[in-house]
Amino acid sequence: MPHKTFFAFILPSLVAMVLFIALPIVSVVVQSFHVEHGRILVEVENCQPFGGCTKETRVDTAAMAELQAAQPMGQFNGFGTYLNRSHLAVDEIGAILSDNTGFGNIVARIYNLPFYKALAFTLVFCFVVTPLAMALGFAIALAVNALPKVSKGPVIFFSLLPMIITPLVGSLILYWMIQANGIIGATLQNLFNDPTLSLRASPVLTWASLLFYGVWTNAPFSFVVFYAGLQTVPGDTLESAMIDGASRWERIRYVIIPHLAPLATFVALVQLMDNFRVFEPIVGFSAEANATSLSWLIFNDLSGDAQLFGSAGATSVLTIAGVIVLLMPVLIRTWREFNHKVV
Amino acid sequence: MKLMLKTTVSLGVLCLTAGAAFADCGIEGAGSVRILSNDFEALRLVNTTAAECATDSLTITANANAEHKNLQVPALSINPAEYTVAVVANNSIVPLLNDDLIRPLDDLVAEYGASLQPNQLIKIDGKTMAIAFMGNAQHLFYRKDILDAAGVAEPKSYEDILAAAEAIKASGAMEYPVAASVKPGWDLAAEFVNAYLGTGAEFFAPGSAELAIDNENGLKVLETMRALTAYMDPDYLTFDANGIKAEYEAGNTAMMVEWGSLAGAIIDEEGAAEGVVANTVLAAAPTIGGGSIPAVALWWDGFTIAKNISDEDAAASFQAMVHGISPEMVAANPAVATWLVAGYEPGPAAVGVIATANGGARAYPMQPYMGLLHTALSAELAEFMAGTEDAAQALADVKAAYETAAREGGYL
Amino acid sequence: MSDAAMTQRRPLLLNLLIVSFIVIWVVLAAFPFVWTVWGSLKVETDFFSRESWWNAIVGTYTRIQTGTAFTGDGYHGAWITREFWRAVGNTAVVTVSVTVISLTLGTLGGYALARSGQRYAFWILIIALVFRAMPHITLVSGYLLPFFQLNIWGVLPTSIIVLVAINQPFTLWMLHSFFLSIPKDLDESAMVDGCTRFQAFRMVIIPVMWPGVVTTGLFSFLLAYNDFAVTSMLLSADNQTMVPKISSFLGSVQEQGNVMYAVAAVVSATVPLFILVLFFQRQIVSGLTAGAVKG
């Protein structure tokens, strides 16, 4: 395809992406290399409706305005924010490695650092949920495809429900169902005959319920994409495979799966990426005590009473880096396919 | 039903007062009033009352938005500001002060603030920066029948609560007699701040951003917080303020320190199990460690006027807001909040907040770096509360997290 | 695949297996929703009962508070008292615009990416992917100040454009994958017959691309429909879409929310999706029977 035609086709979406994604990313990256100016503090009297007046410190805004005007981005800090305790914690890790009482101690102390704690759950979520959700979605797609036509519509709708219900409320309702008095929680207690069983109190069970929820909400996506892909499987290839005496399983293995492979790459890409940014279930399940994720760290930085843009920016950049590392195998595969296409 | 009823009543009042409203406000000249506030009933009421001042030449719009804390700084830092009024609380006023985005109100108070009371004026460095109109605090809710049956008197301190909890648990009346909003995040950090305020100690070294909680007061607070968890439902780490309210209304717990703003919803007859409402007593917040200060933070909500707007708009905004929080509005809606406005008659739901304030509780600190400490506490205390970390380690983690953030914020 | 022929040849046991698998899945997928629909007709104390989930079935407190076992208070409160219909209108505008614009830009771009053999096409795809990895809340916090300065904050078009942009990487990738599965010969033979690239796209590709476009459109639609990060931060209260509105029903730390309004709103919000999915399910299948891909 000539360059000119190519760019004529792609220009509108490029412009949108550059303006609203690329530029903000650049500003976030720049911001993550800066910290605020040293604040000039003054003590002033502060009177409130209760408790009368007290001495409290304030930021001297006039003096700060001058500093801000001279250097609007704040002080340059290089990779300082990336390496501090809230992120990669290089110094702390060094201290832990040089002074510890064994492997268990190292793991426990690294897990105590917020970034690594979040990373641990994020990775587990990513690698457990993605393959399971894809396998489940594929199985549902095959099964739905085999259903009589009339029942397909409703089944597709119900299959999409986990994805459709706003995660905000969806996880809230599920969270209520798994609490000790909820329908699922109470049933599990009966089933295991253990009245103290609580899915929310133990870290292991909290992780398990989050992972289960992850598979439940992610499966419909794989299902829809695979189902749409199944509609394009060439009928004559299948028929000739049947004539050659291929069994059902062989037809799936040698015709359907290769046909869906590009779509599977795509689904894997999207799911890995979305699961790496897992956030809503943690808030919805009130699981902050036992599970945090990188996106939750960003949220925590930005939603507090004092917002830490630099810190949130650094975590975001680390998230992007993490996604790139995760996607490497898929990217290399895409690269090969792409070169293949050129030839 | 209750909410519908309340809304109908307040709508009725709006209709009644609407006729007189234009005369009451008497804002002269053209202009525009744009209000940014949080999104809950009392503030929506203030906004709609303020909007009565609109005339042909004066427009009044309100954006009641749950994201107001994230919006206010960028919205007020442009010129002219997107909003002329920002409704804030102790904590959310701080970013506006830090960036110098709100104007002193002394002139406006002198000219248009006849209906305001002196204690409504939030003065910083001698200048009025905000006008408070409602107050809030956490305080003790307890079940008189359960405590009586266990033979304990009204708890005055956390030590009393622990003893009472032990007595109730031993009597077998209730397995989890205590509830607290200790969900990691804002709630858990607020619990620590509350208890620490009760020790009378300061969070920071005087005049600097150096953290000072790493001492016996901090340890005492953490010890007490953890001791209470022995009497809580095992799911306690997932309970926020609305969660413990539900537990309490279901009759699952006997004592809790809960927001006064939720008292109205608790002591109405709706949604509570048999006997809960009749036996509920609202009392001052408990003290801690033999101190005499109720161990909770006092909060106020108030309005501020943006700096980057014309003086005409500022004057119109101030007058509209003063109308919004007028004694008439408060007289018509006494049950909606604990108002700080003249002529407010506290109802049965406000006694806890008032007792706590009278007991000498301290206000939530307004230091510029308090928000950073709150965030650090919100993430770092979870393991301690879960019982997988000791108090010294938890304090060390908080300190490390706070110092990292404070360095980034330029305070250290 | 011809359904009828395949079904006939399938052994009974396999059919049984398929049906029971689907039944189990549908129950798993739909049960929380059915539970929510049922619960939306109860009061909060019953649906979120701290005593026993049995209350949500029989409606103990619903009877005490309203006199009957079912109540429409949640719906009344959400739709009338809190004007949920306004959010529904806004959502309709936002989702339809986002879907249409995303698909228009995306089909053009995705087609070009699928047909171009140049290296830069690959790199555009990769960079788009990196863009997609950016957590939305960080992006949105960066928008606030410029948007306030340009005085475009709070209105629907701004949110629509932002959602389209955020959604572009996904749309491009997905449609690119779909176009790859459409044989090159189709449009190339059209070009041999004298069509320009755009004519070939219009006459040959557009008629066969619907299954992919409909599926991608469904996801664009859902993204706009379910978005919270962008719409909660970039829209003023009057222009709010459904999800931020629902979240405002949930209350905040110090203030009591009205969870049942949220539940009723969620149930109401699912109805248009039901109709939509039923409609597009037919579209996906009709794309197939039109004989889209002949290998």
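Predicted model: local features only at pLDDT ≥ 70, side-chain atom pairs only at ≥ 80, totals over all residues.
Q: What makes the division of chain B one into domain 1 and domain 2?
A: The division rests on an automatic or database domain assignment. That assignment gives domain 1 as 2-133 + 300-354 and domain 2 as 137-297 + 359-408 of chain B. The centres of domain 1 and domain 2 of chain B, taken over C-alpha atoms, are separated by 31 Å.

Q: How do you know which residues form the contact between domain 1 of chain B and domain 2 of chain B?
A: Two residues are in contact if their C-beta atoms lie within 7 Å. The contact takes 14 residues from domain 1 of chain B and 19 residues from domain 2 of chain B. On the side of domain 1 that touches domain 2, α4 (93-98) and α14 (351-358) of chain B each supply at least two residues. The most comes from α14(B), with three residues.

Q: How do you know how the residues on the side of domain 1 of chain B that touches domain 2 of chain B divide into nonpolar, polar and charged?
A: Asp, Glu, Lys and Arg count as charged, while Gly is among those that count as polar. Sorted by class, this side of domain 1 of chain B has eight nonpolar residues, five polar and one charged.

Q: What makes up the side of chain B that touches chain C?
A: In this contact, 33 residues of chain B meet 32 residues of chain C. The elements of chain B that give two or more residues are α1 (2-25), β2 (58-64), α3 (68-77), α8 (186-198) and α10 (241-249). By class, this side of chain B has 17 nonpolar, ten polar and six charged residues.

Q: Why is a set of residues called a nonpolar core?
A: The term applies because the residues are buried, belong to the listed nonpolar kinds and are joined through C-beta atoms within 7 Å. The largest such core has 333 residues, and B:Val85 and C:Ala265 are among those with the most contacts inside it. Helix α6 (residues 114-145) of chain A gives the largest share of this core, 14 residues.

Q: What does B:Val85 touch, not counting residues up to four places away in sequence?
A: The residues that B:Val85 touches include B:Val33, B:Ile35, B:Leu36, B:Phe303 and B:Met321.

Q: What share of chain C is made up of buried residues?
A: A residue is buried if 20 or more other C-beta atoms lie within 10 Å of its own. Buried residues make up 54% of the 295 residues in chain C. The secondary structure of chain C comes to 16 helices and zero strands.

How values were computed. Residues numbered from 1 in each chain as written. Chains lettered and ligands numbered in written order. Helix = DSSP H or I, 4+ residues; strand = E, 2+ residues; numbered from the N terminus. Buried ≥ 20, exposed ≤ 12 C-beta atoms within 10 Å, placed from the backbone.
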